[in-house]
2 protein chains.
Amino acid sequence: MTIGVVGAGQLGAMLALAGYPLGFDFLFLDRSARTPAGRFAPVLTGEFSDQALLRRLAEQCEVISFDWENISVEALRTATRSTRARIAPPLKALAAAQDRLAEKRTFERLGIGTTRFAAVDSLAALRRAMRHIGTPGVLKTRRFGYDGKGQRVLRSPADAEPAWTELGAAPLIYEEFVPFDYEVSIIGARSRRGEIAVYPLNRNYHADGILRLTVAPWPAPRLQRVAARSLRRVLEAFHYVGVLAIEFFVRDARLIANEMAPRVHNSGHWTIEGAATSQFENHVRAIAGMPLGSTRALGHAAMINLIGEMPPRQALLAEAGLHLHDYGKEPRPGRKLGHCTIVEPTAQARHNRSKALLRRLYPHLGIKP
Amino acid sequence: MTIGVVGAGQLGAMLALAGYPLGFDFLFLDRSARTPAGRFAPVLTGEFSDQALLRRLAEQCEVISFDWENISVEALRTATRSTRARIAPPLKALAAAQDRLAEKRTFERLGIGTTRFAAVDSLAALRRAMRHIGTPGVLKTRRFGYDGKGQRVLRSPADAEPAWTELGAAPLIYEEFVPFDYEVSIIGARSRRGEIAVYPLNRNYHADGILRLTVAPWPAPRLQRVAARSLRRVLEAFHYVGVLAIEFFVRDARLIANEMAPRVHNSGHWTIEGAATSQFENHVRAIAGMPLGSTRALGHAAMINLIGEMPPRQALLAEAGLHLHDYGKEPRPGRKLGHCTIVEPTAQARHNRSKALLRRLYPHLGIKP
């Protein structure tokens with residue numbers, strides 16, 4: 001079976017590395033073959049919305065998935081029509097995750113606590129939303145935002161007009177600003193037969209709007225339960241197939257759903273070495289119609305993103321028990337170039353090691369696990 | 001860095017899968033691109049001794065390794081002369097492992113217990129060897145034998161002539177027949193800087209001359225110590241770089257070295273999920289000049305080879321905690337098509353699970369772990 005993946009970035013690359021041992025082949029579609037997955041898989045190169053290219057992908061693959069969400073649902077639906085290719089995760093889930101408004105409404109409809117929000121399509125609507133929801137708040141583009149891009153914090157009515165001028169060309173959403181205590185995420189998979197498997201909770205640490213550190217399992221049984229219940233609701237509502245992630249703010253020990261990602265997720269990279277079955281393998285198993293593997297944690301994992309430039313490989317590999325993942329990308333400020341994972345026998349050992357590693361790798365960020 | 005590998009079989013494929021996350025690229029040389037590594041790496045196709053091809057490999061790679069030993073040492077030495085490519089493991093070790101006589105002499109020279117043996121290059125020499133060493137004994141081709149091929153058990157003087165007629169076209173060795181209790185193997189790596197890391201001992205179960213099951217760590221501390229000491233001697237004697245395996249017969253709790261393999265080894269496949277760093281990653285680390293990773297076992301592993309035909313994938317993946325490795329090869333009787341590994345928290349759990357799995361997969365073989 002050949003699995004098609006739209007997007008050949010590191011997530012796609014790790015899907016292929018997890019899927020090859022199961023006997024699956026891969027075909028990617030991306031703007032360039034000089035992408036992480038392009039190192040070891042064929043890539044159809046062109047625009048993500050190129051109908052002819054998407055159709056070729058659909059004709060050569062039994063199932064089509066995607067490794068990021070900024071792709072055209074319409075183009076994918078049209079191109080795969082009257083081909084035998086299934087699409088997984090379902091396009092409805094992709095559409096909901098692409099649009100912050102649809103996403104919030106999904107959370108709301110499923111009884112999943114989220115921030116208050118309002119759609120904004122005019123300066124007047126923005127002013128109304130600010131009055132109704134209050135300040136501070138965050139004005140965000142509904143689509144194509146990631147890692148803090150396309151966002152503006154509004155602190156007073158005077159901020160409305162400049163923010164509107166800057167972002168107003170696109171459909172927007174205004175959200176309550178939540179001064180949260182920290183961020184967690186939950187990741188799980190649903191198979192074609194409807195089995196669901198949920199990973200232990202991740203605690204995520206950001207700097208400059210980019211994920212830097214994930215620690216899992218995060219020992220918060222009540223939060224784990226609530227987060228897993230929310231995830232199940234979304235998985236079932238969409239008759240979902242594949243891996244799904246939801247990020248939550250934690251405020252006063254309550255979960256506030258922030259966003260969902262209909263794909264494998266950066267905060268789940270620790271599962272490669274830290275769980276019985278990785279998120280990548282479970283995504284492949286699910287979309288290929290196979291049973292899911294165990295999501296049990298094998299120890300206490302910490303995953304550190306390698307951003308902007310790669311530390312010397314020799315020094316990283318000299319760290320006892322460190323697992324390196326170099327995506328083979330050109331260095332560029334703020335770019336995710338790789339990650340590394342440690343799996344320790346106790347939470348205390350993980351704490352000490354990840355603190356020491358972070359101090360060594362990113363002393364200026366001041367992240368304190 | 002691009003790593004060249006002569007041989008694109010499953011061992012080469014697993015080397016690439018282990019090396020990609022470290023940021024290395026791979027280039028293979030094999031008779032066909034329709035090989036396990038050819039699924040996700042470029043392959044120069046032609047004969048293994050093709051000088052022009054070997055030279056192209058040497059020109060495009062910083063280091064050249066091999067995934068099986070039946071390749072021409074001379075061709076490799078000549079082709080890489082006056083290129084910048086290093087060869088690892090060293091050709092001297094490859095040469096010794098290719099020739100059962102050189103191999104036995106290596107063991108003898110290093111004080112590693114082995115079977116009594118004699119070189120045989122005539123029927124008269126065979127008769128002398130049989131008188132000297134006794135019967136039963138095994139007449140073997142010195143080169144190109146594996147999985148029991150090119151061997152004949154001789155039980156009485158009358159067996160000499162037919163065996164000589166059958167095998168005598170090639171250089172031969174006559175060895176004492178050892179009615180051993182069971183087989184173990186030890187695997188370890190040596191880095192360019194001379195660090196050595198040794199994995200826990202493997203116990204191997206064969207049927208029809210093919211490895212079927214490996215169980216590791218095999219709890220025999222004294223055998224582990226003796227085997228590791230032997231391995232270190234060979235690694236140091238050759239200034240070895242990369243992974244090396246030695247197989248031993250165990251008789252009355254004594255180790256008798258049978259053969260060595262200058263490469264990753266089938267009995268070490270369990271290290272992918274069962275050790276902190278797999279044999280494949282450690283081979284890549286070593287030959288690329290990187291520090292070695294920990295060889296610590298993560299639990300109690302059992303690896304079952306999938307031979308002749310693949311069991312249905314759906315059923316295998318439904319086994320809790322089973323890790324599947326499908327090499328993507330065409331089925332053929334006696335052919336290694338894949339393997340699967342379980343890692344259990346206790347030796348007893350491993351025993352029960354591997355017994356149940358074997359009963360399911362290969363009821364007719366009667367292997368009893």
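Analyst: Happy to; here are the labels, one at a time. This is a predicted model, in which local features need pLDDT of at least 70, side-chain atom pairs count only at pLDDT 80 or more, and totals for chains, interfaces and linings use all residues. Residues are numbered from 1 along each chain as its sequence is written, with chains lettered from A and ligands numbered from 1 in the order in which they are written.

User: What makes helix α10 (residues 279-287) of chain A mostly covered?

Analyst: A residue is buried if 20 or more other C-beta atoms lie within 10 Å of its own, exposed if 12 or fewer, and partly exposed in between, with C-beta atoms placed from the backbone. Nine of the nine residues of α10(A) are buried; among them are A:F280, A:H283 and A:I287. Just after α10(A), A:G289 has a positive phi of about 80°.

User: Why is strand β9 (residues 172-176) of chain A called largely enclosed?

Analyst: Four of its five residues are buried, so β9(A) is largely enclosed by the rest of the structure. The name itself comes from DSSP: helices (H or I, at least four residues) and strands (E, at least two) are DSSP runs, numbered from the N terminus.

User: Which strands pair with β9(A), and over how many bridges?

Analyst: Two strands pair if DSSP finds at least two bridges between them. Strand β6 (residues 117-120) of chain A has four bridges to β9(A), in the antiparallel sense, and A:F117 is partnered there by A:E175. Strand β7 (residues 137-141) of chain A runs antiparallel to β9(A) with five bridges; A:G137 faces A:E176.

User: What makes β6 and β8 of chain B edge strands?

Analyst: In chain B, four strands form an open antiparallel sheet in the order β6-β9-β7-β8. The edge strands, β6 (117-120) and β8 (151-154), each pair on one side only. From one strand to the next the twist averages 25°; angles run from 0 to 180 degrees between N-to-C directions, and axes are lines fitted to C-alpha atoms, for helices over the stretch in contact.
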